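Hi,

Here is the model I said I would pass on.

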Amino acid sequence: MAEELPATPVWDETLDLLDTAILRLDAQHSVMLLNSAAEQALSVGRERLAGRQLSELVQVPAALADALEQLPAGESSVRLHDVKLPGSNYDCILTAQAGGGVLLELHNLDWENRRSRLQQRELQTGLLELLARNLGHEIRNPLGGIRGAAQMLAVELDTPELATLARLIMREADRIDDLIQSLGQPQMARQSVAIYPLLDEALGLLATELRSDVQIERDFDPSIPPIQGDPSALRQVLLNLLRNSFEANASCISLRTRVEHGGALLQTTNAALLRLDVMDDGDGVPEALRQLLFLPMVTGKRGGTGLGLALSQQIAAGHGGLLTYEPRDPGKGSGSCFSLYLPLLSAQQAAHAAGFTEAGASA
């Protein structure tokens, strides 16, 4: 016989630590216990659901309703795939309990996909750091010799034109050295940053490159609070994403911001995330490259270095965030949607970052 879950405050607190939504239903499918993740999945607070039938306040999909009615007695379990609920799509596990009750687990598919992407991010940034170490060993040493020789030539050459060429070699050697260093673990500043001025700056820098017929659409959440990050590094990410859309022959680039919850998935103490979508109607990314898109040296552009998105992912990871890609129109294989997730500051953190405290504000 299955042991019933103890409905105690200690157990409630333990369940609230889980990302998986948990509900315990009695034989009449009234909600006896649920955790915070279940509240988010059903978009209903526990005060309204507790003691009431699930179907009274939530539109239960037919597949889930049928499974609840037909669940065999005993300790049997039934798994349903890709069930649409108010919060997202879920895999549902129903387990029969003593007395006809049901233990219902809801596994958020969006979160599962994000976990998979986090694992890919760790692989991608690890490969980038490995590449940086190899490049540092194999390239930077001879590069230093080339620069030193060019420096000596610049001093010894009598012809101004040749001395200028020698200094050009020095500048290009320095540029390569800076690029190699940027592939490692870049040191990023931390300060309170508003995302919208950064977007305006990035668009301003690209103004000379954008065709006059490219339309920029903005769908912004005006309540987005500041983030904690490096303005220069984040601006570079935005430049890379916008330039990719432009170079994909997009006629319309859409920028959208939203607040999302579930920051624990990004291993951050911040509960809320900024999601910035950069969407376009351009050529899209070839299917063969989509799983490799954020790896170094992977590019579908002629003359591309394959470093822009890899560096952008590394910068996102350095901020405790994530950069993802989805085709905008999978059926036609055209258009792209790059989504940048970054931890948001709480109101208290934002006030502290701005140099204020609650006491100071009240004084």
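One term before anything else: I call a residue buried under 20% relative accessible area, exposed over 50%, and partly exposed in between (1.4 Å probe, protein chains only). By that scale Gln59 counts as exposed, because its relative accessibility is 74%. Bear in mind that this is a predicted model, so local features need pLDDT of at least 70 and side-chain atom pairs count only at pLDDT 80 or more, while totals for chains, interfaces and linings use all residues. Residues are numbered from 1 along each chain as its sequence is written, and side-chain values use heavy atoms, with hydrogens and water left out.

Gln59 sits in the loop between helix H4 (54-57) and helix H5 (62-70); helices (H or I, at least four residues) and strands (E, at least two) are DSSP runs, numbered from the N terminus.

Now the overall picture. There are 13 helices and 12 strands, and 43% of the 363 residues are buried. Taking contacts (heavy atoms within 4.5 Å) with a separation of 6 or more, 61% are between residues 24 or more positions apart.

On to helix packing. Helix H9 (residues 231-247) packs against helix H11 (residues 308-318) at an angle of about 145 degrees, with the axes 9 Å apart. Those axes are lines fitted to C-alpha atoms, for helices over the stretch in contact, and the angles run from 0 to 180 degrees between N-to-C directions. From H9, the contact uses Ala233, Leu234, Val237, Asn240, Leu241 and Asn244, and from H11 it uses Gly308, Leu309, Ser312 and Ile315. H11 is mostly covered, with eight of its 11 residues buried, among them Leu309, Ser312 and Ile315. Just after H11, Gly320 has a positive phi of about 75 degrees.

Two residues other than glycine also have positive phi. His29 has a phi near 65 degrees; this residue is in the loop between strand E1 (21-25) and strand E2 (31-34), and it is buried at 14% relative accessible area. Asn249 has a phi of about 65 degrees and is found in the loop between H9 and strand E9 (252-261).

Next, salt bridges, meaning a side-chain nitrogen of Lys or Arg within 4 Å of a carboxyl oxygen of Asp or Glu. The count comes to seven. One of them joins Arg147 and Asp174 at 2.6 Å, N to O, linking helix H6 (residues 109-156) to helix H7 across 27 residues. Arg147 is partly exposed at 25%, and Asp174 is partly exposed at 29%. Glu201 and Arg235 also meet at 2.6 Å, N to O. Glu201 is in helix H8 (residues 195-206) and Arg235 in helix H9, so this pair ties together parts 34 residues apart in sequence.

Which residues are linked in a network of salt bridges? They are Arg256, Glu260, Arg275 and Asp277. Within that group, the closest N and O atoms of Asp277 and Arg275 are 2.9 Å apart. Asp277 counts as buried because its relative accessibility is 2%.

That is what I have so far.
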